[in-house]
Amino acid sequence: TYTTDTTSREENKNTIESLHGLSVDIKKIRRLKEWVLLQNVAYVKEIAGILQEMGADKTTVANILERCPEAILHTPAEINSQRALWQLVCQNEKQLIKLIEQFPESFFTTEYHENQKANILFFQDLGLRNHIITRFLTSAPNIFYNPVEKNKNVIETLQRNYLSLGGSDANMKIWILKLLSQNPFILLNTSTAIQENLEFLEKNGFTDREVLQLLSKLKGFIFQLTPTTMQKSMLFSKNVFKCSDQELKQLVLKCPALLYYSVPVLEERLEGLRKEGISVAQIRETPMVLELTTQIVQYRIKKLSALGYDITSGTLESLNGTKKDFEVNYSKVQSKKERPVFNPVAPISIED
């Protein structure tokens, strides 16, 4: 164990000398995590040795220790256990050292070792591919800190609800794996919260089929919301678009962002569109435009305007979609503008 209390303490000279010998930028550590240098016990040479065994060169070792100096406070036994654990999902040590260099904090969090191991084995049994589990370890490490029973409970709740909403046994595994791949943070929710959100949608008139549709479209992000925030967002949209409950439901199915984004975010995006001369009627016709940030919308409008395209008088479809989608739409508008107008049956004008 170690402490972050730095009162009346001096830097550990052995630690400083060992780090210096590895060409580690000690000033950087002093600036960011000085408390590491004040600990009585550190395993600088041992941890560096383990990293070198895995194939890390001197520059890589220095880079890792500068980014995550607390690595030197773990015992060699802890790090070797972590190494063995990550090798369950890594193709080889070359890939492992690359991951450690990119995400050192994730690798050197050893306090939940048993939970991490149990969850890795659970995810493998569930059918998740190793490269997906690796991505989880680096980008969503918190889900491995849960006891495996908690994660199993959430998965079982999702499976149960999928079947009760009309999903088939045959498709359930694929659906769960896709949902997890898109949004592993689902596992940080409680089973109760998941149940409450699904019940909220049902109370607001969404059919079982429509709820399943929303779950897929929102990639599971719906479970990070609460009935209160969803209610506020829906009420805001209803007032803005002046629509009935049924019309609002259709708008939400068309653009789940109306359910997902908070009122302040929706307000800001609507205001940004209106400043560009776009009407509420146009937005209601193409609500998916609210999925884009104000900056992206402004950039796209500017590019289209340069081609002489007036966004205020037509549809907003050309603004929609991903960056790739927009580039395709932009190319169509551009080629249409550049194409010469020629009518083969028009009479030829001849001057007398």
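What follows is a short exchange on the model shown above.

Modeller: This is a predicted model, in which local features need pLDDT of at least 70, side-chain atom pairs count only at pLDDT 80 or more, and totals for chains, interfaces and linings use all residues. Residues are numbered from 1 along each chain as its sequence is written, and side-chain values use heavy atoms, with hydrogens and water left out.

Colleague: How many helices and strands does the chain have?

Modeller: Helices (H or I, at least four residues) and strands (E, at least two) are DSSP runs, numbered from the N terminus. By that count the chain has zero strands and 20 helices.

Colleague: What radius of gyration does the chain have, against that of a compact globule?

Modeller: The radius is taken over C-alpha atoms, and the globule rule is 2.2 Å times the number of residues to the power 0.38. For 352 residues the rule gives a value near 20 Å, but the chain has 28 Å.

Colleague: How far apart are the C-alpha centres of domain 1 and domain 2?

Modeller: The bounds, from an automatic or database domain assignment, are 9-110 for domain 1, 111-205 for domain 2 and 226-336 for domain 3. Contact (heavy atoms within 4.5 Å) joins 13 residues of domain 1 to 14 residues of domain 2. Their C-alpha centres are separated by 32 Å.

Colleague: How many disulfides does the structure hold?

Modeller: A disulfide is a pair of cysteine sulfur atoms within 2.5 Å. The sulfur of Cys243 has its closest cysteine sulfur in Cys255, 12 Å off, so the distance is too far for a bond. The number of disulfides is zero.

Colleague: Is Cys243 buried or exposed?

Modeller: Buried means under 20% relative accessible area, exposed over 50%, and partly exposed in between (1.4 Å probe, protein chains only). Cys243 has 7% relative accessibility, so Cys243 is buried.

Colleague: How far apart are the end C-alpha atoms of helix α8?

Modeller: The expected span of a helix is 1.5 Å times one less than its number of residues. Helix α8 (residues 113-126) has 14 residues and should span 20 Å. The distance between its end C-alpha atoms agrees, at 20 Å.

Colleague: Which residue just after α8 takes a positive phi?

Modeller: The buried residues of α8 include Phe122, Phe123 and Leu126, and among the elements that cover the buried residues of α8 are α5 (76-86) and α11 (169-182). Just after α8, a phi of about 110° is taken by Gly127.
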